[in-house]
Amino acid sequence: SKNLIRTLPAKVIARSAATWQSLTVIMRIDRHGSHSSPRDDKCMEKQFKKFELKTFEDRGYKLTPMEFKDVVPFEVKRVYYFQDAGAGVQTGEHIHKVEEEVFVQMRGSSTAIIDQGSGKEEMEMQGPGDAIYVPNFVWHGFKNMSPDCVILALSSTNYNSTREDYV
């Protein structure tokens, strides 16, 4: 059938644990679904990934551009950042049922805590330019933030004070 049934929450399918990209989240959308990108009758695959943004330093300053079309697989609805974390402070580890995020290490360093279904992993993040895409249903948080740490977050959802998207 050309009409696929919408699966909410997204069905989680574990793949090979041999790679750090061991979890794939598949959302099935129906033909007349409300997803913002045109994906005629196909499954969308959302997969955690770490990537590096290129920084240019040839004009006496650093410039790190980010083309949303290349690194952000969703419509950005909110931007926020965290900074000035005290010694030993760590963000709360959690997952989202709906929200997707891209985190960019703008300055300093931190350790991303990620669990894609096969146990927690720690990934060192160094600014400027290290970034991660965290789809929904991927456990995440940050620790070991340097005194000059600034992490920018791009979110697929608007802020919701009820936090009902959190698990």
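A contact here means heavy atoms within 4.5 Å.

**View 1. The whole chain, as a predicted model.** Of the contacts in the chain with a separation of 6 or more, 70% are between residues 24 or more positions apart. This is a predicted model, in which local features need pLDDT of at least 70, side-chain atom pairs count only at pLDDT 80 or more, and totals for chains, interfaces and linings use all residues. Residues are numbered from 1 along each chain as its sequence is written, and side-chain values use heavy atoms, with hydrogens and water left out. You will find one helix and 11 strands; these are DSSP runs numbered from the N terminus, helices being H or I of at least four residues and strands E of at least two. Their order from the N terminus is β-β-β-β-α-β-β-β-β-β-β-β.

**View 2. Confidence along the chain.** The predictor's confidence in each residue is given as pLDDT, from 0 to 100. The chain averages 76, and 73% of the residues score at least 70. Over residues 1-44 the pLDDT is below 50, and this stretch has 76 contacts in the model beyond near neighbours in sequence.

**View 3. A five-stranded open sheet.** Strands of a sheet pair through backbone hydrogen bonds, either parallel or antiparallel. Follow the order β4-β9-β6-β11-β5 across this open sheet, where the pairing is antiparallel. Two strands count as paired if DSSP finds at least two bridges between them. At the edges lie β4 (49-52) and β5 (78-83), each pairing on one side only. From one strand to the next, the twist averages 20°; axes are lines fitted to C-alpha atoms, for helices over the stretch in contact, and angles run from 0 to 180 degrees between N-to-C directions.

View 4. Strand β9 (residues 130-134) is largely enclosed by the rest of the structure, because five of its five residues are buried. Buried means under 20% relative accessible area, exposed over 50%, and partly exposed in between (1.4 Å probe, protein chains only). Asp-130, Ile-132 and Val-134 point one way from β9, while Ala-131 and Tyr-133 point the other way. Four bridges join β9 to the antiparallel β4, and Glu-52 stands opposite Asp-130. Strand β6 (residues 101-107) also runs antiparallel to β9, joined by four bridges, and here Glu-101 stands opposite Val-134.

View 5. Six bridges pair β5 with strand β11 (residues 150-155) in the antiparallel sense. To get your bearings, look for Tyr-81, which stands opposite Leu-152 in β11.
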